[in-house]
Protein chains: 2
Amino acid sequence: MSSCPAESQTSVSISPAARTAARCTAGLPREAAWSQRRIRIGLLGLGNIGQAVARLVASAAGAHAGVHFHIECALVRDPSRARACDRPPCITNNVSAFLHGRYDLVIEAMGGIEPALTIVTQLLERGIPVVTANKTLIATAGQELQALAVARGTTLRYEASAIAGVPFLGTLAARPLVSSIDRFTAVLNGTSNFILTALEEHGGTFAHALALAQQRGLTEPDPARDLDGDDAADKLALLTSVFGWGRVDRASLEGRSLRDVSSRDVRAARALGGALKPVALASRAAGGVEAFIGPTWVPAHTPLAALGGTLNGIELHGRYVGDLFFSGPGAGPDVTAATLLDDAIEAVREGDRSGGSGFDFAQAKKDPPPHPVSQLPSRPREPLRITAPITPWFIRVEFPGVVPTVGVLTDVFGRAGMTIEHVTDAIDGTRYVLAGPARRERMDAAIHDVWRVHRLRCVAFRRLG
Amino acid sequence: MSSCPAESQTSVSISPAARTAARCTAGLPREAAWSQRRIRIGLLGLGNIGQAVARLVASAAGAHAGVHFHIECALVRDPSRARACDRPPCITNNVSAFLHGRYDLVIEAMGGIEPALTIVTQLLERGIPVVTANKTLIATAGQELQALAVARGTTLRYEASAIAGVPFLGTLAARPLVSSIDRFTAVLNGTSNFILTALEEHGGTFAHALALAQQRGLTEPDPARDLDGDDAADKLALLTSVFGWGRVDRASLEGRSLRDVSSRDVRAARALGGALKPVALASRAAGGVEAFIGPTWVPAHTPLAALGGTLNGIELHGRYVGDLFFSGPGAGPDVTAATLLDDAIEAVREGDRSGGSGFDFAQAKKDPPPHPVSQLPSRPREPLRITAPITPWFIRVEFPGVVPTVGVLTDVFGRAGMTIEHVTDAIDGTRYVLAGPARRERMDAAIHDVWRVHRLRCVAFRRLG
């Protein structure tokens, strides 16, 4: 089946044959390419993701890809801890010992900003390509790290940092027309989507749905980053950066916690022809970005409404191509590991094409860097201001006693400038309202008034369409 | 905003600065890269797609991408014809005159196999990169052309050849783990999807829906390739090839024409919790491929069911990543042109990274090719046999007189080994049946029997889920 010339490929220096073999995997005929190629990996972190990388490397996956991955060394907090993978030949908690290994590439699976930022900076400085799943790192320092990689003639890849299973970030970054994005609407946090799906399918309390997510290993020990939107905010910031809009000022981003949602809310949303989904929305606006994050009513016929369980998805509106939609698994150690290894293959191939030295650390130290660091750009201009958009609303109205009439509800929200499109029947002391467009501040003021005057407790979720 | 060093880039020879500028567009910081780079394009064909390419090149899009495209010459059938774009400096119907131009890259927008195959072969032979939207060409000769491009150290890209607006083919081809695909289900023909959507939304006859598609410019002068599945079959063959399954034997592919569908069918499908969509399905099976093409009932909650109008989409099931879904505009001159230009940018960038000569035809003739053509692999092994899968069915039963009872229907289809899951009420001489799994041959035999014995006229559509 192979249409590739069968040169074996043990050297890492560039040659026409190497180029041929490398490129041969990038098109229709790709089997048997690189069949002799051994890729030396340094692994930062052996937590859930790092262990999955180690298992995948030990499985048939590497050979399947026509590459022999080999983990040379892992940097960990506690080398003595038991782990669900083969023990690498070197496992250390000493950063400088790790940095003296010889790697074709380093996979960063530590998470968080430090010490990942310092170590990744040192690796890129030395011309060693890095692939990472670390959305916090890329959201915070992606532009600087990418500029450093460019200046050092090496590669930084981060496909697994948002919607881990779906390759789209690298593709869009390489294709300027399709990536002229002016709006995106996405489900970026799989744990949140799992919880809302569980609330819809099984009913029960929020605490119960959260416990279910914890049982499945879908949450961190402290689930706050998932539930309160920090994880989605990282990914939103990462995407605005990748799409070339610039760095956003996270402090001004409206985020609504998932903890406000009940199974009744999720089912009422469905009964009203929609679905309550953990949405992150951003669109370019004059002088900044309009954006918000939180549980949001989306129409049932939209692709986001169809995403169940831990699936993630993103709807992109582009200037040249119109609406695109990508979806797939958003997280999970095995999926993330597969994407990291695909990134690793792309990074090494890119190094081959550029005539790189094979990213030998010892060699890199001898070669002068192609650009002195002083040429790196200084930190870009002020971050973009985020404002919250005007949207329609889906409102839960709880009443302790007398059922509020449609007239009362139309009146109280009408005074805040909102039209009322639909009011559900009263069940168990609750009615739901579909209200027209308003700013968040107006909605908050209306909720306050309604409580003060009528003792009705309202929770308002944004609505798209 | 730019984080790229600001070297100007007028030379096409490889240098550290060139590499930096080239790579600089592939990550987070990408503005201002290539700002001085002029890409000389040869254009094969100035039909709808070729004209859209010419318009996009003349618009701000090229500058937006940080590249100055310039169309040097167009090869056309009739140079004197009026066209909705600027006239290129050279426009000719003489192939050898066209081939003497100097191009960084050639965009093939002729369609069909010949003369496209001969000309593209000559261009690749000479090391000139080619990007194409020609699914027939790639489905037929993609493997050979790709092998030729590899042997000549150049590039063939074909992202626009299936689901033109959605970049996924190049991505998957470069990432071996995510592209370990063992099944795909797709809507690959926008015209067919438009017609089924129109039948559902506006009712009326098939002829009327077809006329609407023709008014919108969505069909070829002869719509048979869209309606009878040839277009979708080309794309199915192309995908099995890109996913590394091999070449399929098109002659054994089951294709059902769209012309059998009425607006009643489409609405009945929806009433039964599904949607009738123009599906292409393929899965790897022992010794071959299971596949079919044709209007198919899909459950309403699946992403394919949500694709309206001319949208295309593909659901992929992979070994390492699970289920992915990509959707977006499948065709249209402007969308196709944008994807062709993105491919052009990727191809030229790849050439820069490989230290190519700038793809100068005159220069290429002087340089010996990196591999003699005799090293190219011979045609791959026998094409894969396609068998039709066992699926459940959605059946229209028309009766001229007495309404057939559920008992009669259960009996007649039961004798063919099918269970009956649902039978609709009789309306206007028609009932619809959801039947369980069976082979196509059994279904055909049952339909024949039902006609012979009961004078009931049945049309059966495959059903997924």
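This is a predicted model: local features need pLDDT of at least 70, side-chain atom pairs count only at pLDDT 80 or more; totals for chains, interfaces and linings use all residues.
## Disulfides

Over all chains, the structure holds two disulfides. One of them joins A:Cys73 to A:Cys90, with an S to S distance of 2.1 Å. This pair links distant parts of the chain: A:Cys73 lies in strand 2 (residues 68–75) of chain A and A:Cys90 in strand 3 (residues 90–92) of chain A, 17 residues apart. A:Cys73 has a relative accessibility of 4% and counts as buried, while A:Cys90, at 27%, is partly exposed.

In chain B, a disulfide joins B:Cys73 to B:Cys90, with an S to S distance of 2.1 Å. Here too the link is between distant parts of the chain, from B:Cys73 in strand 2 (residues 68–75) of chain B to B:Cys90 in strand 3 (residues 90–92) of chain B, 17 residues apart. B:Cys73 is buried, its relative accessible area being 3%. B:Cys90 is partly exposed, with a relative accessible area of 27%.

## Other cysteines of chain B

The cysteine sulfur closest to that of B:Cys85 belongs to B:Cys73, and the distance is 13 Å. A disulfide requires sulfur atoms within 2.5 Å, so B:Cys85 is too far from B:Cys73 for a bond. B:Cys85 counts as buried, at 16% relative accessibility. B:Cys458 also counts as buried, at 9% relative accessibility.

## Helix 8 of chain B: length and end

Helix 8 of chain B comprises 13 residues (residues 190–202). At 1.5 Å a residue the helix should span 18 Å, and the 17 Å between its end C-alpha atoms agrees with this. The residue that follows helix 8 of chain B is B:Gly203, which has a positive phi, near 65°.

Why is helix 8 of chain B described as largely enclosed by the rest of the structure? Ten of its 13 residues are buried, so the description follows from that count. The buried residues are B:Gly190, B:Thr191, B:Ser192, B:Asn193, B:Phe194, B:Ile195, B:Leu196, B:Thr197, B:Ala198 and B:Leu199.

These buried residues pack against both helices and strands of chain B. The helices are helix 9 (206–215), helix 10 (224–227) and helix 12 (263–271). The strands are strand 7 (181–187), strand 9 (274–285) and strand 11 (311–318).

Methods. Residues are numbered from 1 along each chain as its sequence is written. Chains are lettered from A and ligands numbered from 1 in the order in which they are written. Side-chain values use heavy atoms; hydrogens and water are left out. Helices (H or I, at least four residues) and strands (E, at least two) are DSSP runs, numbered from the N terminus. Buried means under 20% relative accessible area, exposed over 50%, partly exposed in between (1.4 Å probe, protein chains only). The expected span of a helix is 1.5 Å times one less than its number of residues. Contact means heavy atoms within 4.5 Å.
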